[in-house]
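Please work through the following model with its sequence and coordinates side by side. The account begins at a single residue and its contacts, and then widens to the fold as a whole.

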Amino acid sequence: MTEPLTETICAVATASGRAGVGVVRLSGPRALEIIHRLTGIRPVPRHAHYVTLKRAVDASVLDDGIVLYFPGPHSYTGEDVIEWQGHGNPVLLDEAVSEMTRAGATTARPGEFTERAFLNGRMDLAQAEAVADLIEAGSSQAANAARRSLTGAFSRRVDAFVEHLIHLRMYIEAALDFPEEEIDFLSDTRLRDQLADLRAELDDLLSRTGEGVRLREGLQLVIVGRPNAGKSSLLNELAGESRAIVTEIAGTTRDVLRAEIDLDGLPVHVIDTAGLRESDDPIEQEGIRRAWAEIERSDLILLVIDATQGHSAEDEATLASLPDKPRLTVLNKIDLTGEPASSRVEADTLRLSARTGAGVATLRHELRQLAGLSERTEDPFIARRRHLEALESSRQDLEEAARSLIDLGAGELAAESLRRAQAAMEAITGRYTADDLLGEIFGSFCIGK
Ligand code: GDP
């Protein structure tokens, strides 16, 4: 059992510009007392109270706004939570935080409210991560997936798997406890069936999690091509109604651009390399270094060529300077050449028209495939690399368990591998179980002897 958290923390939760509303959140045992000191109010749970917040030093009015009270344990953090909604002026919000710290609160570290929610058992680790992923989601589908993870969709899958795993472990460990029957136990085909089921379940979870990671991280694309080849037109066509959001890469000349597109829910990060040239300016050099770092991380290089002009030596030179990544060539402006649009990718080349949209669906399909996303991802949840690594390590442990059990008949080794597989899975949700498996075995496994 963790120590109860005695500090009350406070921080600006949102500040939506000077015109909007700003929220300061307080959480901990002294939240009520602190807000009482500053406003004179003793708030009723889940009621909006219109009050004035006063400075302690001279009782002058700092701001007027709304106080909300969410009593623990049924609050976000599991503790008493107070939300102060004042005007969105950052200066006033900072001053409100200062008044609260003077009245006894501590300034919260980044993520501390969610950390407390985790420590107080309000959510598991994967859900806590989903909070951050929801805030940062780069597409509507990613946001939707993060919200599903937050409600526990991913955690429930992991928990269900762990439960099945525990079942198998119980079976094997029970066999080990009765050595005279061990051989019979271990050669039982039900054991192999269970192991096969677990592997299938894990494979499905792995592919879903892989998609979740893709949704979170998106696809990194480098777009190259001569000026006027139609790169921006193509990006806008791909982005559809959401339009490409184009920004400069900090420190570079105006023509090194980054675009974010929402490709039917998949966030695609695009780097346009047009301005990547040498420079003596240190700020420019730093910007270019960053752009190169992103290029190194890219998943695909997309070369856009004006079909009326064809390949040029310049294109080849640019390609030669880029890292060895999967490539796709797009011959654009086929509305001018009269060529047919490609219905599928042949020889890593696609013919299309950014103007008429002909052939763009094929490119879109290709990009989603490259990202490892099926055409329609059912009920996606968001996931992180950490989760994927845990699942992969668990998968290896299951393989080892199968080898130990089936090839060697070594129950001890198999049990050890399965224990590791479980630990890896539990690291995902952060559910720390100090091997309480024995209790589970003898509590629920009725051996009948
Ligand atoms: P970028 O410099 O590579 O980003 O090229 P732009 O997207 O700015 O396009 C350059 C010019 O080509 C613009 O006038 C576009 O309208 C035009 N353009 C782009 N794609 C097509 C296309 O598929 N067909 C035709 N006819 N014109 C296009």
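If neighbours within four places in sequence are left aside, leucine 221 is in contact with Val268, His269, Val270, Ile271, Leu300, Leu302 and Leu367, where contact means heavy atoms within 4.5 Å. Leucine 221 belongs to strand 7, residues 219-224; strands here (E, at least two residues) and helices (H or I, at least four) are DSSP runs numbered from the N terminus. With a relative accessible area of 0%, leucine 221 is buried, a label that means under 20% relative accessible area, as against over 50% for exposed and partly exposed in between, using a 1.4 Å probe and protein chains only. Between the C-alpha atoms of leucine 221 and glutamate 260, which are 39 residues apart along the chain, the separation is 10.0 Å.

Before going further, note that this is a predicted model, in which local features need pLDDT of at least 70 and side-chain atom pairs count only at pLDDT 80 or more, whereas totals for chains, interfaces and linings use all residues. Residues are numbered from 1 along each chain as its sequence is written, and side-chain values use heavy atoms, with hydrogens and water left out.

The protein has 16 helices and 13 strands, and buried residues make up 46% of its 449 residues. Of the contacts between residues at least 6 apart in sequence, 64% join residues at least 24 apart.

Strand 5 (residues 81-87) is largely enclosed by the rest of the structure, because five of its seven residues are buried. Strand 5 pairs with strand 2 (residues 21-27) in the antiparallel sense over seven bridges, pairing being assigned if DSSP finds at least two bridges between two strands. Within this pairing, glutamate 83 of strand 5 is the bridge partner of arginine 25. Strand 4 (residues 61-70) also runs antiparallel to strand 5, joined to it by five bridges, and there valine 67 stands opposite tryptophan 84.

Arginine 25 also lies over the face of tyrosine 76, at 5.3 Å from the ring centre, and over that of phenylalanine 113, at 5.6 Å. A charge is taken to sit over a ring if NZ of Lys or CZ of Arg is within 6 Å of the ring centre and within 35 degrees of the ring normal.

What of the nonpolar interior? The largest nonpolar core has 34 residues, and those with the most contacts inside it are Ile172, Leu398, Leu418, Met425 and Ile428; such a core is a set of buried Ala, Val, Leu, Ile, Met, Phe, Trp, Tyr and Cys residues joined through side-chain atoms within 4.5 Å. At least two residues of this core come from each of helix 6, helix 8 (189-217), helix 14 and helix 15 (411-429), and helix 6 gives the largest share, 11 residues. Apart from this core lies another, of 33 residues, among them Ile223, Val270, Leu302 and Leu352. In soluble globular proteins, nonpolar side chains tend to be buried together.
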